[in-house]
Structure formats: structure tokens, C-alpha cells
Amino acid sequence: ISDSIITSIIFFFFKQKTAYEISACLVGSEMCIRDSFITLLLGTRLQSELQVFVLFLLTTLGFIFFPMLRKTIRSFSMRGHIYTLVGFKLLVFLTLYKLSRFLALFFFVGLLFVDILCPVWIMWLYQYKNVIKGPWDLPKVKSYAE
């Protein structure tokens with residue numbers, strides 16, 4: 001695989017993970033178009049048509065149908081939703097660990113950064129938030145009823 005393909009895949013992956021909620025993925029959205037492009041880039045490097053078919057099938061399941069399933073699970077049970085997320089993160093970590101300990105460590109550090117450090121950082125920054133009032137805000141009318 002060439003360096004440009006690897007760079008594109010890494011860029012799009014981190015853009016997706018840092019800028020979008022996965023459940024917002026709809027067919028035709030920017031995220032699904034980008035994921036299709038990544039799959040196309042990877043598919044050009046595979047040896048057989050069966051490998052390309054399996055790659056596109058797994059991409060479709062992962063980026064189109066799984067978010068729909070997650071949204072349905074979330075509507076029924078928040079606990080089930082959390083168990084599903086933790087289970088898949090653990091599955092990805094263990095799979096990466098079998099492939100490469102460095103990738104597993106990189107994934108784990110990325111999860112800590114995105115799932116723990118960034119929300120704490122945003123809560124800390126919230127204290128510096130300024131509320132700007134302008135002509136676009138609704139007026140608050142005081143009632144002088146006796």
C-alpha cells in the first residue's frame with residue numbers, strides 16, 4: 001500500500017473520530033461518502049474480487065447499518081447502549097493487540113484522549129465561556145402586575 005493511501009486513510013479516520021457522531025451517519029452524508037472513498041482506496045489494493053466484496057460488505061455493515069442498530073439500542077436501553085460501545089471498543093483493542101502492540105497502545109491512548117481528556121477539558125474551559133447578548137436574543141420582559 002502506498003504512502004498516500006495510508007495517509008488518506010489515517011486523515012479521514014481521525015477526522016471522523018474527532019468531528020462526527022457515528023450515529024449521525026446517513027446514506028449520502030459526508031461521513032459515509034468519505035468512508036466509501038476510504039474503502040475504494042483500500043479495495044484497489046486487494047488481490048481478488050471476493051476480497052473486495054467482503055471489504056465493501058463489512059464497510060456497509062459497519063458504517064450504515066451498525067449506527068442504525070446503535071440508535072435503536074439507545075432508544076430502548078441506555079445501559080445496553082453503553083455495554084455495546086464498551087464491548088466493541090474492547091473487541092477492537094483485542095484485535096489490534098493481536099496484530100500489533102503499538103497499534104493497540106495507540107488506540108488505547110486515543111480512546112483515553114477522546115473519551116476522557118477532551119470532555120474534562122471542555123468542562124474546564126466552560127468556566128471561561130462568555131455569554132454575548134445582542135439584538136438577535138429574545139427580550140426578557142418584566143411583569144409589573146400587582
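Modeller: Phe-66, Arg-70, Ile-73, Arg-74 and Phe-76 in helix H3 meet Met-78, Gly-80, His-81, Thr-84, Leu-85 and Phe-88 in helix H4. Meeting here is contact, which means heavy atoms within 4.5 Å. Helices (H or I, at least four residues) and strands (E, at least two) are DSSP runs, numbered from the N terminus. This is a predicted model, so local features need pLDDT of at least 70 and side-chain atom pairs count only at pLDDT 80 or more, while totals for chains, interfaces and linings use all residues. Residues are numbered from 1 along each chain as its sequence is written, and side-chain values use heavy atoms, with hydrogens and water left out.

By class, the contact of H3 with H4 has 6 nonpolar, 3 polar and 2 charged residues. Ala, Val, Leu, Ile, Met, Phe, Trp, Tyr, Cys and Pro count as nonpolar; Asp, Glu, Lys and Arg count as charged; the others, Gly among them, count as polar.

Now the geometry. Two packed helices are described by the angle between their axes and the distance between the axes. H3 covers residues 49-76 and H4 covers residues 78-99. Their axes come within 6 Å and cross at roughly 145 degrees. Axes are lines fitted to C-alpha atoms, for helices over the stretch in contact, and angles run from 0 to 180 degrees between N-to-C directions.

His-81 lies in helix H4. It touches Arg-70, Ile-73 and Arg-74, leaving aside residues up to four places away in sequence. His-81 counts as buried because its relative accessibility is 5%. Buried means under 20% relative accessible area, exposed over 50%, and partly exposed in between (1.4 Å probe, protein chains only). Thr-84 is also found in helix H4. With the same exclusion of residues up to four places away, Thr-84 touches Phe-66 and Ile-73. Thr-84 is at 18% relative accessibility, so it is buried too.

Lys-89 pairs with Asp-115, and the closest N and O atoms are 2.6 Å apart. A salt bridge is a side-chain nitrogen of Lys or Arg within 4 Å of a carboxyl oxygen of Asp or Glu. Lys-89 lies in helix H4 and Asp-115 in helix H5, so the pair ties together parts that are 26 residues apart in sequence. Lys-89 is partly exposed, with a relative accessible area of 31%. Asp-115, at 38%, is partly exposed as well. The structure holds 1 salt bridge.

Step back to the whole chain. The protein has 5 helices and 0 strands. Buried residues make up 17% of its 146 residues. Of the contacts between residues at least 6 apart in sequence, 40% join residues at least 24 apart.

The mean pLDDT is 77, and 71% of residues reach 70 or more. pLDDT is the predictor's confidence in each residue, from 0 to 100. Confidence is highest in helix H5 (residues 101-125), at a mean of 91, and lowest in helix H1 (residues 3-19), at 63. Over residues 22-28 the pLDDT is below 50, and this stretch has 15 contacts in the model beyond near neighbours in sequence. Where pLDDT is low, the predicted coordinates should not be read in detail.
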